[in-house]
Amino acid sequence: MDQLRKDFSTVTIALIVVALAINIVVGTIIFQLKVPFVYLDSIGTILVGLLAGPWAGLVTGILSNLLWGLLGNPGYVPYAPVAGVIGLMAGIFGSMGWFKSWWKWLLAGLITGLVAALLSAPITAYVYGGVTGAGTDLIVGMFRATGSSIMEAALGQGLITDLIDKTFSFFVVWLIVKALPTTLLTRFSRSQNVLEMGDVDLENILDQ
Amino acid sequence: MTSATLYIDRDAGLQRLHPLTKLVISLFLIVLALVIPNMWAGYIVFLLGVVPLALWGGILQPLWSALWKIVLPFAISMFVIQGLFWTGGTPVVELGPLSFKAEGLVFATTITGRLLAIMGSFLLLSLGTPPDDLMISLEERGVPNSVTYIVLSTMQLVPGLQVRAGKIRDAQRARGLETEGSILQRMRSMMPLVEPLVLGSIIDVDERAIALEARGFSREASKSFYRPVPDRRWEQILRWMLFIASILLIVLRIFWPLINRYYLGAG
């Protein structure tokens, strides 16, 4: 309970606001660049999971997709639970100390992508008839033409895009956190996820 | 202060409804479109539910212009992919070596209708409801005030961040960054556009938190509302009725095969 209160401190609330705006604005930039297989619309969510714990990550992910809905992209709303799980998993991997080595962190991104694809497939199949309404539908068409079911085709498409997108998103978050000043990082409730003990005398700073 | 919102301020009946009434109506329309086992269900819900309500709020034109852009790409993909590649379907239209299958076309028609109804209902809510009123009325019913703050201030932050993103893009292009051209060039331009934007805005987090603390944000005393949201008795009753009807419809849909078998004597 005490950890939960710390995880939803005022600093976390402020971080979530910025993270959600980052999701939306960066997601839009990448959409306009038309880079295949990359969306980068969850780096804010991953960041919150890593810096403020899995529960804050979960809340950020869900709110992120609901906000897209309020801002004119209702297509994101059905995927809100998936976005929540991405934040949750980033938080869990962070707590396991996987951020401390780069390959473990990329592996965390890969696993998160796998779970995201598994959870998205039924939503894509049930709500959207198995298609994405974008260029990745070439993959869906290929799977369907070779005899896969709607669900299998949605999963195949999701595996390819989510594995690439989430691994890359985790990589971007890694670059960003490494570039943030230690004094700022210590303000977050899970700063021990990203700081080496040698970096700074943590307890000392937190007590002030 | 500018805020990223779709809300269209008109003095019309829909806009005067309590935000929760609009939320419940939207959810009810979505449930209807999903539970009725008929390929035209979505179209009927859209034409008899979403369209009249949008007309009532004077927002049919903006709703439609947003809606078709969302639904059309899905519809095209579905008719092409599920129409052509339906495994073992009955061919209806021959196109050289390929053929459109009846089952695939029925499927694509069903889902397109559902999408019209679902996305239309969402847009009805976001075009017809001021977000601050929606969040305040949710907060009055127990949603934590931090959620209200998060949603509303994100909507205020987005336009500013978009301006900043535009400036970063211009600055990077002035230094020779290619944001158009081949896939490789566009991939290379991702990080120079994203990293300064994200770093710059995270640095602001601390200041934001201090500003909140200085205004007693984390104090646990009960808060009053600067902007009351009026509610009417008949709307409360309507909300409960629609809510109960939605639950009943979902339960009915889940148990329909059983009811069909044991009470109606069908196969």
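Two strands pair if DSSP finds at least two bridges between them. In this predicted model, strands E1 and E2 of chain B pair in the antiparallel sense over four bridges. Chains A and B also touch, with 51 residues of chain A in contact with 55 residues of chain B.

**Hairpin in chain B**
- E1(B) covers residues 91-95, and E2(B) covers residues 98-101.
- Leu95(B) has Leu98(B) in E2(B) as its bridge partner.
- Two residues lie between the strands of this hairpin.
- Gly96(B) takes a positive phi near 60° there.

**Interface of chains A and B**
- The contact involves 51 residues on chain A and 55 on chain B.
- On the chain A side, the elements giving two or more residues are H2 (10-33), H4 (54-70), H7 (137-145) and H8 (150-179), each a helix of chain A.
- H2(A) gives the most to that side, with 17 residues.
- By residue class, the chain A side divides into 38 nonpolar, nine polar and four charged.

**Leu185(A)**
- Leu185(A) sits in helix H9 of chain A, which covers residues 182-185.
- Leu185(A) counts as partly exposed because it has 19 C-beta neighbours inside 10 Å, while a buried residue needs 20 or more.
- Neighbours within four places in sequence aside, Leu185(A) is in contact with Leu180(A), Ser191(A), Val194(A) and Leu195(A).
- Leu118(A) is 67 residues from Leu185(A) in sequence. In space, the two are 33 Å apart, C-alpha to C-alpha.

Terms used:
Residues are numbered from 1 along each chain as its sequence is written. Chains are lettered from A and ligands numbered from 1 in the order in which they are written. This is a predicted model: local features need pLDDT of at least 70, side-chain atom pairs count only at pLDDT 80 or more; totals for chains, interfaces and linings use all residues. Two residues are in contact if their C-beta atoms, placed from the backbone, lie within 7 Å. Ala, Val, Leu, Ile, Met, Phe, Trp, Tyr, Cys and Pro count as nonpolar, Asp, Glu, Lys and Arg as charged, and the others, Gly among them, as polar. A residue is buried if 20 or more other C-beta atoms lie within 10 Å of its own, exposed if 12 or fewer, and partly exposed in between; C-beta atoms are placed from the backbone.
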